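Here are my notes for a first look at this one. Have the structure open as you read, and take the points in order.

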Amino acid sequence: MRTSELVELPLDCQLVPRSYGTDRVRHRLKSKVIKGRGHGGSWDEWVVVAEAYEAAGVACQPADPGATHLFPGHLDLCRRYRGLRA
């Protein structure tokens, strides 16, 4: 996902996983696609690995009260990565 699409992940981005038989589960996140779409983007679903799905759930936990999205609109992944390493 592009950074612009990550910042569009709402707190309720985790969609119910779908089972397609034994050991075939699709984990999905909803977000807005911005690039190539009209003003404001449009909602879409992303099929992700189980770890990314769980990470989205964990990211919801420390959200500020009143927040509507997982990440702030000015997400700086490089700075966050350096902070995590430190």
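1. Arg2 sits in the segment before helix H1 (3-6); helices (H or I, at least four residues) and strands (E, at least two) are DSSP runs, numbered from the N terminus. Arg2 is partly exposed, at 42% relative accessible area. On the cut-offs: buried means under 20% relative accessible area, exposed over 50%, and partly exposed in between (1.4 Å probe, protein chains only). In sequence Arg2 and Ile34 are 32 residues apart, yet their C-alpha atoms are 9.1 Å apart in space.

2. A word on what you are looking at. This is a predicted model, where local features need pLDDT of at least 70 and side-chain atom pairs count only at pLDDT 80 or more, while totals for chains, interfaces and linings use all residues. Residues are numbered from 1 along each chain as its sequence is written, and side-chain values use heavy atoms, with hydrogens and water left out.

3. Now the overall plan. The chain has three helices and three strands, and along the sequence they come in the pattern α-β-β-β-α-α. Along the principal axes, the C-alpha atoms fill a box of roughly 40 × 35 × 25 Å. Of the 86 residues, 21% are buried. Among contacts (heavy atoms within 4.5 Å) with a separation of 6 or more, 46% are between residues 24 or more positions apart.

4. How are the strands arranged? They make an open sheet of three strands in the order E1-E2-E3, with antiparallel pairing; two strands pair if DSSP finds at least two bridges between them. E1 and strand E3 (42-48) are at the edges with a single partner strand each, so one side of each has no neighbour in the sheet. On average, neighbouring strands are turned by 30 degrees against each other, direction ignored. Helix H2 (residues 50-60) packs on this sheet and touches E1, E2 and E3, and its direction makes about 150 degrees with that of E1. For such angles, axes are lines fitted to C-alpha atoms (for helices over the stretch in contact), and values run from 0 to 180 degrees between N-to-C directions.

5. Next, the pairings themselves. Strand E1 (residues 14-19) meets strand E2 (residues 25-33) in the antiparallel sense over four bridges. Here Ser19 has Val25 as its bridge partner, and Arg18 stands opposite Arg26. E2 and E3 also run antiparallel, joined by seven bridges; one of the pairs to look up is Arg28 with Val47 in E3.

6. Do have a look at the hairpin of E1 and E2. Five residues lie between the strands, and Gly21 there takes a positive phi near 110 degrees. Asp23 is also in the loop between E1 and E2, and has a positive phi of about 60 degrees although it is not a glycine. Why flag that? Most residues other than glycine have a negative phi. Asp23 counts as exposed, at 77% relative accessibility.

7. Arg18 and Arg28 are 10 residues apart in sequence, and 8.3 Å apart in space from C-alpha to C-alpha.

8. Buried or exposed: which is Ser31? This residue of strand E2 is buried, with a relative accessible area of 0%. Neighbours within four places in sequence aside, Ser31 is in contact with Met1, Glu5, Glu8, Leu9, Ser42, Trp43, Asp44 and Trp46.

9. Last, the surface and the charges.
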